[in-house]
Amino acid sequence: GKKRLRALADWQFGGGDTYCAACPGLCSDCPARMNAPLSMEGWQVWDLAGRLSGQLRAVPGAVLGWDMGAAFVMGAAIGIPALAIAELLPVIETEMIRRTNERITRDQDNHHG
């Protein structure tokens, strides 16, 4: 559960979608397929993570995380158990923060360098 979601989030927020743009079809060793959630709750929380792009907490030059209050409200509205959100969303959030801030730093370095 959590390891798969962590790997999937690392891949997704690390630019996985651009990596796969060069593929003509679905690869058998695709990280998105290999790390896809196995449980209904995993799929629900992964979907919720995708809906949270407008719910970022940020300061200039860094993302701090998602607004978890909004995440729980949104999750409840679409029927996701609060326990699943509390257990799984922070794992995805950690990778989103790390990879997004890496990209921000890289973009700032490229802009100033």
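**View 1. Pro37 is a buried residue in this predicted model.** The relative accessible area of Pro37 is 8%, and buried means under 20%, so Pro37 counts as buried. Pro37 is found in the loop between α2 and α3, where α3 is residues 40-51.

**View 2. Pro37 has contacts beyond its sequence neighbours.** Leaving aside residues up to four places away in sequence, Pro37 touches Leu5, Leu8, Gly42, Trp43 and Trp46. Lys3 lies 34 residues from Pro37 in sequence, and the C-alpha atoms of Lys3 and Pro37 are 9.7 Å apart in space.

**View 3. Helix α3 has 12 residues.** From its first C-alpha to its last, α3 reaches 17 Å. This is close to the 16 Å expected at 1.5 Å a residue.

**View 4. Helix α3 has buried residues on one side and exposed residues on the other.** Gly42, Val45, Trp46, Leu48 and Ala49 are the buried residues shown in α3. They cover an arc of only 160° around the axis, so they sit on the same side of α3. An α-helix has 3.6 residues a turn, so residues three or four places apart point the same way. Met40 and Gly50 are exposed, on the other side of α3.

View 5. The mean pLDDT of the protein is 90, and 97% of its residues reach 70 or more.

Technical notes. Residues numbered from 1 in each chain as written. Predicted model: local features only at pLDDT ≥ 70, side-chain atom pairs only at ≥ 80, totals over all residues. Heavy atoms only, no water. pLDDT = per-residue confidence, 0-100. Helix = DSSP H or I, 4+ residues; strand = E, 2+ residues; numbered from the N terminus. Buried < 20%, exposed > 50% of the residue type's maximum accessible area, 1.4 Å probe, protein only. Contact = heavy atoms within 4.5 Å. Expected span 1.5 Å × (residues − 1). Arc of directions from axis to C-beta.
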